Amino acid sequence: MPHANTPDGVKLYYEEAGTGTPILFVHEYCGDWRSWEPQVRFFSRRHRCITYSFRGYPGSDVPLAADMYGQQHAVDDAKNMLDHLKIPKAHIVGLSQGAFATAHFGRCHADRALSLTLAGVGSGAGREGHEQFKKDAVTTAGLIRKDGMAKYAESLTTNPTRSRFKLKDPRGFAEFTKHLSEHPDLGAANTMENYQGKRPSLYDFEEEWKALDVPTLIICGDEDDPCLQPSLYLKRVLPNAGLAMFAKTGHTVNIEEPDAFNRELWNFIVMSEAGKWTGRLPVAEGAGLI
């Protein structure tokens, strides 16, 4: 089993497929290295695809100490994966928790990113409700420690941002919840409390976002309500960002609508590699209809 060793002694499980320009996939809280299978199968035909599990997730080490978890660890671990594989630069593609890590990877290590894709980004990160989100994350971590991940996975079957996925693709949704139920309770609770429960608001970094000129694609489902405004916010402040909105789609966008996701990401990567994904045109700023 392939593992990358981090400087603080954590082994991260990863898999890779294909050859060519590298793409690093960074999963969401409710996912793991398996969450990107529809993308790996498609993009590995022309690219070197790497998917891995966060610390505390299936295949990777599950540190006992709470301070071994958190957003900065996730950012550093994405860089550690590239370092381990001797990859100077890659397209970085993240969903939800992984999109937070991807955004901050760009902020901290812009020189290592060919492009950034932020899918389902921003839940709980707005100016309103941010402190309550963090309190809810700590409460949820306690419930995971008490009841386990199988119970948590079952609770997502009625989550509004996941309901459309369940309606469209019951078989795919059942696989998603099965994988989630297999996550280590300790790793899931520590991640919820120390990543979700302590991460700063995206709005705290506005000046840094304005300076981040890496080609960026933002993807959001129109029924992923917690991510709608943050996605619009990032579109406005990132100087070289495009926004794709998927109709009648929830939070788990890459496996809920894999064909649409792959087409959008493919177009973005082709355009960015060709140098045709360019910054916002000045004429668009404050333009009126006529």
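I began with the second largest pocket, and its volume came out at about 330 Å³. Of the 18 residues lining this pocket, Arg34, Pro38, Gly172, Glu175 and Ile255 are the closest to its centre. Helix H1 (37–43), H7 and helix H11 (253–256) each give two or more residues to that lining. By class, I noted seven nonpolar, four polar and seven charged residues in the lining of the second largest pocket.

Before going on, I wrote down the ground rules. This is a predicted model, in which local features need pLDDT of at least 70 and side-chain atom pairs count only at pLDDT 80 or more, while totals for chains, interfaces and linings use all residues. Residues are numbered from 1 along each chain as its sequence is written, and side-chain values use heavy atoms, with hydrogens and water left out.

My terms for space come next. On a 1 Å grid over the protein atoms alone, a cavity is a set of points where a 1.4 Å probe fits but cannot get out; a pocket is an open set with protein on both sides within 12 Å along at least five of seven lines; lining residues have an atom within 4 Å of a point. Grid points are joined across faces, edges and corners, and a volume is the space filled by probe spheres set on the points. For classes, Ala, Val, Leu, Ile, Met, Phe, Trp, Tyr, Cys and Pro count as nonpolar, Asp, Glu, Lys and Arg as charged, and the others, Gly among them, as polar. Helices (H or I, at least four residues) and strands (E, at least two) are DSSP runs, numbered from the N terminus.

**Largest pocket**

I then turned to the largest pocket, which holds about 460 Å³ of space. It has 23 lining residues, and Ser123, Phe133, Tyr152, Asn159 and Arg162 are the closest to its centre. Helix H3 (97–108), helix H4 (130–147), H6 and H8 each supply at least two lining residues, and H4 has the largest share with four. I sorted the lining into ten nonpolar, eight polar and five charged residues.

**Cavity**

How many cavities of 30 Å³ or more does the structure hold? I found one. The largest cavity has a volume of about 60 Å³. Its lining is Phe54, Arg55, Met68, Tyr69, Gly70, His73, Ala74, Asp77, Thr191 and Tyr195.

**Helix packing**

Axes are lines fitted to C-alpha atoms, for helices over the stretch in contact, and angles run from 0 to 180 degrees between N-to-C directions. Contact means heavy atoms within 4.5 Å. Angles under 35 degrees count as roughly parallel, over 145 as roughly antiparallel, 65 to 115 as roughly perpendicular and the rest as oblique.

Helix H6 (residues 160–168) and helix H7 (residues 170–181) pack at about 125°, with axes 5 Å apart. That makes H6 oblique to H7. On the H6 side I listed Arg162, Phe165, Lys166, Leu167 and Lys168, which meet Pro170, Gly172, Phe173 and Phe176 in H7.

The axes of H2 and H3 come within 9 Å and cross at roughly 70°. H2 and H3 are therefore roughly perpendicular to each other. Gln71, Ala74, Val75, Ala78, Lys79 and Leu82 of H2 make this contact with Phe100, Ala101, His104 and Phe105 of H3.

**Sheet**

Two strands pair if DSSP finds at least two bridges between them. Eight strands form an open sheet of mixed pairing, in the order S1-S2-S4-S3-S5-S6-S7-S8. Strand S1 (3–5) and strand S8 (241–246) stand at the edges with a single partner strand each, so one side of each is left without a neighbour in the sheet.

S1 and S2 run antiparallel and are joined by three bridges, with alanine 4 opposite leucine 12 in S2. Their hairpin has five residues between the strands, and glycine 9 there takes a positive phi near 85°. S2 and S4 are also antiparallel, over four bridges. Where does alanine 17 find its bridge partner? I traced it to cysteine 49 in S4.
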